[in-house]
Amino acid sequence: MASRRPGSPKPISKDWKRSVPPGMHWPLKMPGATYVARAKRRFKLSIPDIYHSRLLASLDPLALDKEAPQKPVKQEIMSEERFWGDHQPLSKIPFKILSGHDHVVSSCHFCVNDTKLLSGSYDRTVKLWDAMDGSVIRDFEEGPSAPVTECSITADSRRIIAASYDKTVRTWDLETGQLLWQTNHDYFIVSCKLSPNGKYVALSLDVDRGICIMDAENTTILANIKDHHRRSIMACCFDPDSQKLASVSLDRSIKIWDVTSKATLLTITKAHENAISNCCFTFSGHFLCSSSWDKKLKIWNVHTGEFRNRGACVTLMQGHEGCVSSCCFARDNSFLISGGFDKSVAIWDVGEGYRKLSLKGHEDWVMDVAISNNKKWILSASKDRTMRLWNIEKIDQVPLVIENQKAMGTLVKQCEGCDRPFSTLESDSSFEIVTKCIFCRRDAMDLPAAASSSSETENKED
């Protein structure tokens, strides 16, 4: 009998049929064939195709378009959950996380026809982002040496401005990134705003509780209003015409200052029950929204001074569990958004005064919010060092929104005055047929009052 070489396969016994267990019949399926058959059923590609694909990938590192085996189902499910984020079970709003700052993101804006994003941070940087892929386009050079408190941009997206805790204000050209000018101040600058027409810069000063108005071209100080409020000013904003400046303060008051006459037009004292954190105008300039640490938002008719007799025309509550930090109107006033220290972004139906949806996912305070001009995107800046870009284009198709509308009994109509959509209660007990949005109705109610007050003034002068 010939000896077998080491490592050579063991010869099959001639009595192999005898090794079949009783009760079983030949031929038996080979175990290897079973595994191959099962594995083959799990892949769409044939076994030769898989080997061919692997061979191509190993030989040609640039062959990125070659077909490869599909990913396991578990990985696809995880990526889908990560895409949708941490929401209520019925709220499926897609979002994109923008990471690039090393500290609190204090301010955010849309710019360049909603294709770019602007952010300022406590990491002492101001960044320009691509809204499509979420990448950082530019870090504006020659930046401040302390945290950025706020950044702002002109309506034409030509210039940006940033204020810092180093008591400086800087302005850059958005397209080139070139630093245009820098000014130094004696006090901390809490807030800075560029007027929509790009002519003025408004600064909110901390210690002297004042407002400083500068020429955006040559940095000439046009007005320096000290002790404008009794306590520190939290924020300020221009109206769309760049003629009025609203400011809010820790003293719970709202003031509107006229740029042309350099005088205070109106003051709302005790507007909230706690400090007022931020404010924003509607795009008509007739209404102002204020957000507060009392967890509420209020909308004021500042065009006719209706608040003197009736107070706020709309009060939004039960939307945040903590202080409200920021607010922003949609361009057509169809909805309002707010950010809060409860880590959420609230979307409000202004007409009926209820929270339409709450966007959750940030891991810390929401510091600032913004809405794109086409109303398809919401941008939020957070203390968790990130921004989130939310796609709300199909918000009315979200089951949770539909349920909220049914619970409120709301109907969506078209305003006869401004042709904008608005919500109205389906179960309204009044016999009046509502055909206009709340803003047009308020304007119509205030016209007779304004006319009568003007006639009384003329009679007194005569």
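This is a predicted model: local features need pLDDT of at least 70, side-chain atom pairs count only at pLDDT 80 or more; totals for chains, interfaces and linings use all residues.
Trainee: Why is Cys236 called buried?

Mentor: Buried means under 20% relative accessible area. Cys236 has 0% relative accessibility, so Cys236 counts as buried. Cys212 is judged in the same way: its value is 3%, and therefore Cys212 is buried too.

Trainee: And what makes Thr220 partly exposed?

Mentor: Partly exposed covers the range between buried, under 20%, and exposed, over 50%. Thr220 has a relative accessible area of 40%, so the label is partly exposed.

Trainee: Where is Thr220 placed, and which residues does Thr220 touch beyond four places away in sequence?

Mentor: Thr220 is in the loop between strand 12 (211–215) and strand 13 (221–225). Leaving out residues up to four places away, Thr220 touches Ile213, Met214 and Asp215. Its C-alpha atom is separated by 9.8 Å from that of Tyr200, 20 residues apart along the chain.

Trainee: How do you know that the buried residues of helix 5 line one face?

Mentor: The buried residues of helix 5 (residues 399–408) are Leu400, Val401 and Gln405. Viewed down the helix axis, these buried residues fall within an arc of 140 degrees, so they line one face. The face turned away from the buried side carries the exposed residues Lys406 and Ala407.

Trainee: Which residues touch the most other members of the largest nonpolar core?

Mentor: Ile337, Ile347, Leu359 and Ile378 do, in a core of 20 residues. Strand 24 (344–349), strand 25 (354–360), strand 26 (366–371) and helix 5 each supply at least two residues of this core. Strand 26 gives the largest share, three residues.

Trainee: What is Ile337 in contact with, beyond its sequence neighbours?

Mentor: Setting aside neighbours within four places, the contacts of Ile337 include Cys327, Ala346, Ile347, Trp348, Val369 and Ile378. There is also a second, separate core of 16 residues, among them Ala235, Ala271, Phe281 and Phe307.

Terms used. Residues are numbered from 1 along each chain as its sequence is written. Side-chain values use heavy atoms; hydrogens and water are left out. Buried means under 20% relative accessible area, exposed over 50%, partly exposed in between (1.4 Å probe, protein chains only). The arc is that of the directions from the helix axis to the C-beta atoms. Contact means heavy atoms within 4.5 Å. A nonpolar core is a set of buried Ala, Val, Leu, Ile, Met, Phe, Trp, Tyr and Cys residues joined through side-chain atoms within 4.5 Å.
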